[in-house]
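Subject: Structure handover and notes on side-chain contacts

Hello,

I am passing on the structure we discussed.

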Amino acid sequence: MSVRLRLTLSYAGFILLAGALLLAVVWVFLLRYVPDAVLIASDPPGRDPGLFVPNRSDLLRAFAPRAAAASAFLLVFGLAGGWFLAGRMLAPLARITDATRMAASGSLSHRIRLPGREDEFRELADAFDGMLARLEAHVAEQRRFAANASHELRTPLTVTQTLLDVARRDPDRDTGQLVDRLHAVNTWAIDLTEALLLLTRADQRSFPRGHVDLSLVAEEATETLLPLAEGRGLTIETSGDIAPTMGSHPLLLQMTTNLLHNAIVHNFPGQGAVWVRTGARGRSVTLTVGNTGEELAPRLVSTLAEPFRRGTGRIHADHVGVGLGLAIVTSITEAHDGTLTVTPRAGDGLIVTVQLPAAPS
Ligand SMILES: Nc1ncnc2c1ncn2[C@@H]1O[C@H](COP(=O)(O)OP(=O)(O)O)[C@@H](O)[C@H]1O
Ligand SMILES: [Mg+2]
């Protein structure tokens, strides 16, 4: 039975009940003033008073058909009115259902935009519209990401193809050089694929968590990247308090390594500095990585964490980044319920801060 029919029957039932009660009250009221049988004392006796005084059965005969007619009218009125009112009440639901069906069939751009007063239906419709908008943005972002990732993955394959074509046209060329270049391009493709896999893993949030001290993680990452920094004539300074949090050690190490790697490669070779600080404040712990380097416009900085975004647009041959470093950092941070802040330093360089919830002591 549809809700509309159920509502209609309830309306009609209530109206009928109210009508019956009213008729009952009227009946009782009438009975109080009408005796069972009428005895009229004639004065003087024997004379017909010429007056008709109804008794109870007369009354019943007169009242019952009218009461039945009124009840029948109330029933018809209740059913018709109930059907109409229930239809009007439920109309927004039909719109919401239509929108849900459209969304289910893949059309996420449709919105309910329910007009009228703020009521429960309007609240539901607005919440639904909000959900659709977020879903649409999310799907668009995923599509963009897939398109960008395919494009990025194609690049090393295209370079390989070109190298092979050249080698085929000129068989006498030095194969050692060709192998070296193919190896470098292949490494790049592997790095890119691994970065993409890492991003998926962090996004899924399905990793084991344990106690991790960010200050130890920072030391570990510094140790790994110290040769790279020294090769570029940079200094790395690591300092700060213990910063205990709950999370995945490998992912947090990856996050710190990415930040440190960026701080080293996007820096002034020979004269730059990198510093890593850790700390605990209230219920959160922070990891800050700062570095000197080219000045970055604030507008540019706000987009750097997007996948495949490379700040300067130039790709330096010696540290071809795949453009996923900060996207991975963002993903890992979010998977740990933390926040990432990227701020340009006045004059030069960048400061990146990761804030994570502190581990319960
Ligand atoms: N510490 C930093 N200092 C200056 N620029 C940075 C820093 N970290 C990131 N960037 C800029 O942000 C861009 C995106 O960084 P990232 O996502 O790690 O990609 P990639 O390093 O592979 O280019 C970089 O190309 C660079 O221009
Ligand atoms: Mg990077």
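Predicted model: local features only at pLDDT ≥ 70, side-chain atom pairs only at ≥ 80, totals over all residues.

Salt bridges

The whole structure contains 10 salt bridges, and a few of them are described here.

Arg122 takes part in two of the contacts described. One is with Glu118, at 4.0 Å from N to O. The other is with Asp126, where the closest N and O atoms are 3.4 Å apart. Arg122 and Asp126 both belong to helix H3, which covers residues 120-169, and they are about one helical turn from each other because four residues separate them. Through shared partners, Glu118, Arg122 and Asp126 make up one salt-bridge network.

Glu118, at 59%, is exposed, and Asp126, at 32%, is partly exposed.

Glu152 and Arg310 form a salt bridge with an N to O distance of 3.1 Å. Glu152 is in helix H3, whereas Arg310 sits in the loop between helix H7 (298-301) and helix H8 (325-335), so that this pair links distant parts of the chain, 158 residues apart. Glu152 is buried, with 12% relative accessibility, and Arg310 is partly exposed, with 25%.

Aromatic pairs

Three aromatic pairs turn up in the whole structure. Two of them are given here.

Trp27 and Phe63 are stacked, because their ring centres are 5.4 Å apart and their planes meet at 20°. Trp27 is part of helix H1 (residues 3-33) and Phe63 part of helix H2 (residues 56-104), so this pair ties together parts 36 residues apart in sequence. Trp27 is partly exposed, at 22% relative accessible area.

Phe73 and Phe77 are also a stacked pair, with 5.9 Å from centre to centre and 20° between the planes. Both are in helix H2, four residues apart, and are thus separated by about one helical turn. Phe73 is exposed, with 56% relative accessibility, while Phe77 is partly exposed, with a relative accessible area of 48%.

Charge over a ring

Arg4 is placed over the face of Trp83, 4.0 Å from the ring centre.

Regards

Note on methods. Residues numbered from 1 in each chain as written. Chains lettered and ligands numbered in written order. Heavy atoms only, no water. Salt bridge = Lys/Arg side-chain N within 4 Å of Asp/Glu carboxyl O. Buried < 20%, exposed > 50% of the residue type's maximum accessible area, 1.4 Å probe, protein only. Helix = DSSP H or I, 4+ residues; strand = E, 2+ residues; numbered from the N terminus. Phe/Tyr/Trp six-rings, centres within 6.5 Å; stacked < 30°, edge-to-face > 60°. Lys NZ or Arg CZ within 6 Å of the ring centre and 35° of its normal.
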